[in-house]
Amino acid sequence: MKRFILSSLFISLIVTACSKDAETPTVEIVDEFEQIYSCVSYDDLLDPKNTNQDDLMQYWTKFVEDVKCSRGGPDYSERNPSLNIFFEYRSAAQISAGVTPDHIAYSTFSGYCNDNRVNVGVLYNEWTEKNLLQRLWIMYHEFGHDVYKYEHSTNPADIMYPSSTRSDINVNDFIEAKDRLFKRSFTGIKYISCPGE
Ligand SMILES: [Zn+2]
């Protein structure tokens with residue numbers, strides 16, 4: 001009896017696998033464009049079933065891995081042993097200044113003017129209203145301030161544009177923009193100046 005249950009389970013697994021195969025073309029139609037090359041995959045962060053939506057550290061981990069494989073380094077996890085990446089439950093109005101872009105997240109003086117510290121706050125309510133690609137974009141924007149000390153860009157296609165988290169961006173827009181971010185090659189590039197520099 002036990003053996004029968006096992007084998008029928010096995011058969012049903014095969015059937016499921018086959019029917020999954022048969023559905024593959026439909027799934028590909030949903031992917032309207034071909035994704036351009038990136039040495040890291042963002043699939044884990046962009047899949048609502050896989051990503052832990054309350055885990056901000058996964059964005060830092062991805063960013064570090066991305067810089068390492070896109071540019072061969074540096075290892076920002078080694079350079080920034082002190083990490084403070086957190087949700088804010090106050091409203092944008094309660095946090096008086098420096099909340100960008102679109103009042104969703106902010107980086108602070110204690111992060112971008114401190115070479116071994118990352119300090120990024122994310123407004124929880126606003127965050128949950130954004131899609132997963134926008135969230136990835138927002139976190140790279142904040143790491144752009146904190147790690148690269150970038151000021152804002154004037155080009156809406158850049159990650160450092162202050163309010164470029166449009167809902168219609170696609171993953172290729174993101175990949176092109178992050179390549180420019182890492183290569184330090186976007187228009188109007190400027191750096192935050194810190195005391196003593
Ligand atoms: Zn900003």
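The model you are looking at is predicted, so local features need pLDDT of at least 70 and side-chain atom pairs count only at pLDDT 80 or more, whereas totals for chains, interfaces and linings use all residues. Residue numbers start from 1 along each chain as its sequence is written.

**The overall plan**

The protein has eight helices and three strands. Both kinds of element are DSSP runs numbered from the N terminus, with at least four residues (H or I) for a helix and at least two (E) for a strand. Of the contacts with a separation of 6 or more, 63% link residues 24 or more positions apart. A contact here is a pair of C-beta atoms, placed from the backbone, within 7 Å.

**The helix pairs**

Two packed helices are described by the angle between their axes and the distance between the axes. The axes are lines fitted to C-alpha atoms, for helices over the stretch in contact, and angles run from 0 to 180 degrees between N-to-C directions.

| Pair | Angle | Axes |
|---|---|---|
| H3 and H8 | about 75 degrees | 11 Å apart |
| H7 and H8 | roughly 10 degrees | within 11 Å |

In the pair of H3 and H8, Asp66, Val67, Ser70 and Arg71 of H3 meet Lys178, Asp179 and Phe182 of H8. These residues are two nonpolar, one polar and four charged. (Ala, Val, Leu, Ile, Met, Phe, Trp, Tyr, Cys and Pro count as nonpolar, Asp, Glu, Lys and Arg as charged, and the others, Gly among them, as polar.)

H7 and H8, by contrast, are roughly parallel to each other. Leu133, Leu136, Trp137, Tyr140 and Gly144 of H7 make this contact with Val171, Phe174, Lys178 and Leu181 of H8. Here the residues divide into seven nonpolar, one polar and one charged.

**The strands and the core**

Strand S3 (residues 117–123) is largely enclosed by the rest of the structure, because six of its seven residues are buried. Strands pair if DSSP finds at least two bridges between them. S1 (residues 82–88) runs parallel to S3 and is joined to S3 by seven bridges; asparagine 84, for instance, has asparagine 119 of S3 as its bridge partner. S2 (residues 105–107) runs antiparallel to S3, with three bridges, and serine 107 is partnered by valine 120 in S3.

The largest nonpolar core has 31 residues, of which Phe63, Ala105, Leu136, Trp137 and Tyr140 touch the most other members. H3 (57–71), S2, S3, H7 (132–146) and H8 (171–183) each supply at least two of the core residues, and H7 gives the most, with seven. Such a core is a set of buried Ala, Val, Leu, Ile, Met, Phe, Trp, Tyr and Cys residues joined through C-beta atoms within 7 Å.

Glycine 188 lies in the segment after H8. Glycine 188 counts as exposed because 12 C-beta neighbours lie inside 10 Å. Beyond its neighbours within four places in sequence, glycine 188 is in contact with Ser153 and Thr154.

Key:
Buried ≥ 20, exposed ≤ 12 C-beta atoms within 10 Å, placed from the backbone. Contact = placed C-beta atoms within 7 Å. Parallel < 35°, antiparallel > 145°, perpendicular 65-115°, else oblique.
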